[in-house]
Amino acid sequence: MHSVGICGSDVHYWQNGRIGDFVVKKPMVVGHEAAGRVVKVGSAVKHLNVGDRVAIEPGVPRETDEYFKNGRYNLSPTIFFCATPPDDGNLCRYYKHSANFCYKLPDNVTFEEGALIEPLSVGIHACRRAGVTLGSVVFICGAGPIGLVSLLVAKAMGASQVIVTDLSPERLKMAKQLGADFQLTVKKGDAPEQLAKSVHDTLGAQPHMTIECTGAESSIQTAIYATRSGGVVVLVGLGSPMATIPLVNAATREVDIRGVFRYCNTWPMAIAMLSSGKVNVKPLVTHRFPLEQALEAFETTRQGVGIKVMLKCDQNDLNP
């Protein structure tokens, strides 16, 4: 292993021992945003060789069920997924993974970019579910790592205008740097309908689609109110299991509400985006720690400092 990013879910398991129905019942290795170098391959592996640099897709189907067959393997109930109980993750020096879910990195894509393909994939899957295309006007709720990769992907897919909201002015500054056309600072207690009006006033029109990355109930309400009739709201952020939302408003305006669960079939597109220079994820990495300082790295993420914290697992190579 070379570079492993820390995700909010890793911190959540560490602090709370569970996310929804996934409960940590025994010690578990965390980490699922990862890239490394191949040191050994099985006899049947033909597409990879020792020395190859690879990005790791953490979700591997365990069986050829209906979801696998129709290309939506992320929905398979028996899927293996790094750092989701009871499956161990890959924040370690050496890690064994299915070769079919290890993707060779081009020479111009760094290990850290390879590790960031995992969060980038959430953005790709969200934008695909939303139907982002040339000329789309997109509203993104939340400028954390997932909101920012969704912004990068939306722009790469041809969105003409992207507006991003967040509580943090620092994160909105990063959104601007990464290509957001408009940034809107949200204050706790802002009324969803009023915020939706501010989005409309800023854009001069309602967005075609909204990608909700916070999971906050008020933000989901804002997303529905803000999206134009016939548009799409994609729910990426995970919050409370139950939420009060203006469902009749969505129904009578034919606003589709779509869920996102991780991703599928995204690594090839992500690698192409990074290799071609269409997408630049490098600014997202704000902190780096050697593996021995994992606790300090996790504490940094827990406190919400910076954007993405990267752990370096190879003692001989601490470069990006």
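In which strand does Q183 lie? Q183 belongs to strand β11, which covers residues 182–185; helices (H or I, at least four residues) and strands (E, at least two) are DSSP runs, numbered from the N terminus. The model is predicted, so local features need pLDDT of at least 70 and side-chain atom pairs count only at pLDDT 80 or more, whereas totals for chains, interfaces and linings use all residues. Residues are numbered from 1 along each chain as its sequence is written, and side-chain values use heavy atoms, with hydrogens and water left out.

Q183 is partly exposed, with a relative accessible area of 28%. On this scale, buried means under 20% relative accessible area, exposed means over 50%, and partly exposed lies in between (1.4 Å probe, protein chains only). Leaving aside neighbours within four places in sequence, Q183 is in contact with V164, L172 and K176, where contact means heavy atoms within 4.5 Å. The side chain of Q183 also reaches the backbone oxygen of A180 at 3.2 Å. A polar contact is defined as a pair of N or O atoms within 3.5 Å; within protein, one must be able to donate a hydrogen and the other to accept it, and residues adjacent in sequence count only if both atoms are side-chain atoms. Q183 and N108 are 75 residues apart in sequence, and their C-alpha atoms are 31 Å apart in space.

The protein is divided into domain 1 (3–120 + 263–312) and domain 2 (126–259), with bounds that come from an automatic or database domain assignment. The C-alpha centres of the two domains lie 26 Å apart. Domain 1 gives 18 residues to the contact and domain 2 gives 14 residues. About 1,300 Å² is buried between domain 1 and domain 2, and carbon and sulfur atoms give 72% of this area. Buried area is the accessible area (1.4 Å probe) that two parts lose on being put together, summed over both. On the side of domain 1 that touches domain 2, α4 (117–130) and α10 (267–276) each supply at least two residues. The residues of that side divide into ten nonpolar, five polar and three charged. Here Ala, Val, Leu, Ile, Met, Phe, Trp, Tyr, Cys and Pro count as nonpolar, Asp, Glu, Lys and Arg as charged, and the others, Gly among them, as polar. Between the domains there are three residue pairs in polar contact (both at pLDDT 80 or more) and zero salt bridges.

Side chains of opposite charge can pair when their charged atoms come close. The structure holds ten salt bridges, each being a side-chain nitrogen of Lys or Arg within 4 Å of a carboxyl oxygen of Asp or Glu. One of them joins R288 and E112, with the closest N and O atoms 2.7 Å apart. R288 lies in strand β15 (residues 285–290) and E112 in helix α3 (residues 111–115), so this pair ties together parts that are 176 residues apart in sequence. E112 is buried at 4% relative accessible area, whereas R288 is partly exposed at 42%.

K155 and D181 form another salt bridge, with the closest N and O atoms 2.8 Å apart. K155 is in helix α5 (residues 145–156) and D181 is in the loop between α6 (169–177) and β11, so the pair ties together parts that are 26 residues apart in sequence. Both residues are partly exposed, K155 at 27% and D181 at 34%. D256 and R258 also meet in a salt bridge (3.2 Å, N to O).
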